[in-house]
Amino acid sequence: MAGGGEGGELQLLGAWMSPWVIRVKVALRMNGLSYEYIEEDLQHKSDLLLSSNPVHKKVPVLIHDGRPVCESLVVLEYVDEAWAGAGTPLLPADPHDRAVARFWATYVNDTFFPSWRPLFRATTAEQRAEAFENVLPQVETLERAFRECSKGKAFFGGDAVGIVDLALGSFVVWIRAVDELGGTNLLDEARVPGLAAWAERFMAVDAVEEEMPEAGKIMEHYKGFLAKLAAPAGSS
């Protein structure tokens with residue numbers, strides 16, 4: 001990818017399966033930015049990660065000319081500002097619309113994800129059924145948010161992918177894996193028609209197709225994760 005904007009050396013510390021990393025990769029791709037990608041072993045975190053994000057010790061971390069930027073939504077805004085004009089803006093120009101977009105991007109992280117996580121971790125039919133019912137209100141709220149933010153257009157960001165699209169869209173491949181394995185349908189067209197159609201459009205965006213992990217690889221990783229959860233305590 002071509003460099004641009006502020007220039008300088010870019011490194012991204014990440015984990016290939018992480019939705020928080022995926023959203024940053026897509027944003028960098030959308031802006032045509034070259035960077036060195038460093039895959040982290042999250043069980044044995046590197047000194048570079050620990051020194052770059054000493055508070056949370058998590059990925060993603062974008063390092064620009066030796067200066068780290070942490071937390072995925074913060075990184076997205078940093079990319080949007082530091083390379084303004086390199087790609088389509090991730091945040092609207094209108095101050096109120098920007099505030100609304102920030103609100104819903106934060107909602108994905110702070111409300112949707114914690115409510116969806118029990119479904120992701122469910123290992124029995126009973127757990128899955130309860131978790132599915134518990135996350136539905138958040139999905140229905142996001143359906144209303146899509147109508148508000150998109151204003152009848154293709155994406156939360158309007159005509160083009162914006163910060164809310166990246167925040168929620170980075171989970172789509174995982175939502176589909178959980179649905180396929182568990183027999184659920186979180187983005188049911190009958191229940192949330194706007195989100196169902198949006199997810200198809202988002203996954204077809206060039207930058208998303210280029211950076212989203214393959215569904216089969218995600219499924220293999222997810223099956224391994226569930227097997228470990230279901231294993232008796234003390235087994236290896």
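The questions and answers that follow concern the pockets of this predicted model.

Q: Why is the residue Trp-20 counted in the lining of the largest pocket?

A: A lining residue has an atom within 4 Å of a point of the pocket. Trp-20 belongs to the 34 residues that line the largest pocket, and it is among those closest to the centre, together with Met-17, Ser-18, Pro-19 and Leu-42. The volume of this pocket is about 1200 Å³.

Q: Which element gives the most to the lining of the largest pocket?

A: That element is α4, with seven residues. Two or more residues also come from each of α1 (19-30), α3 (72-82) and α10 (215-230).

Q: What makes 15 residues of this lining nonpolar?

A: Residues such as Ala, Leu, Met and Trp count as nonpolar, whereas Asp, Glu, Lys and Arg count as charged. Sorted by class, the lining of the largest pocket holds 15 nonpolar, eight polar and 11 charged residues.

Q: What lines the second largest pocket?

A: This pocket, with a volume of about 420 Å³, has 23 lining residues, and Pro-92, Cys-149, Phe-156, Gly-157 and Gly-158 lie nearest its centre. Here too α4 gives the most, with four residues. The lining divides into 12 nonpolar, six polar and five charged residues.

Technical notes. Residues are numbered from 1 along each chain as its sequence is written. This is a predicted model: local features need pLDDT of at least 70, side-chain atom pairs count only at pLDDT 80 or more; totals for chains, interfaces and linings use all residues. Side-chain values use heavy atoms; hydrogens and water are left out. On a 1 Å grid over the protein atoms alone, a cavity is a set of points where a 1.4 Å probe fits but cannot get out, and a pocket is an open set with protein on both sides within 12 Å along at least five of seven lines; lining residues have an atom within 4 Å of a point. Grid points are joined across faces, edges and corners, and a volume is the space filled by probe spheres set on the points.
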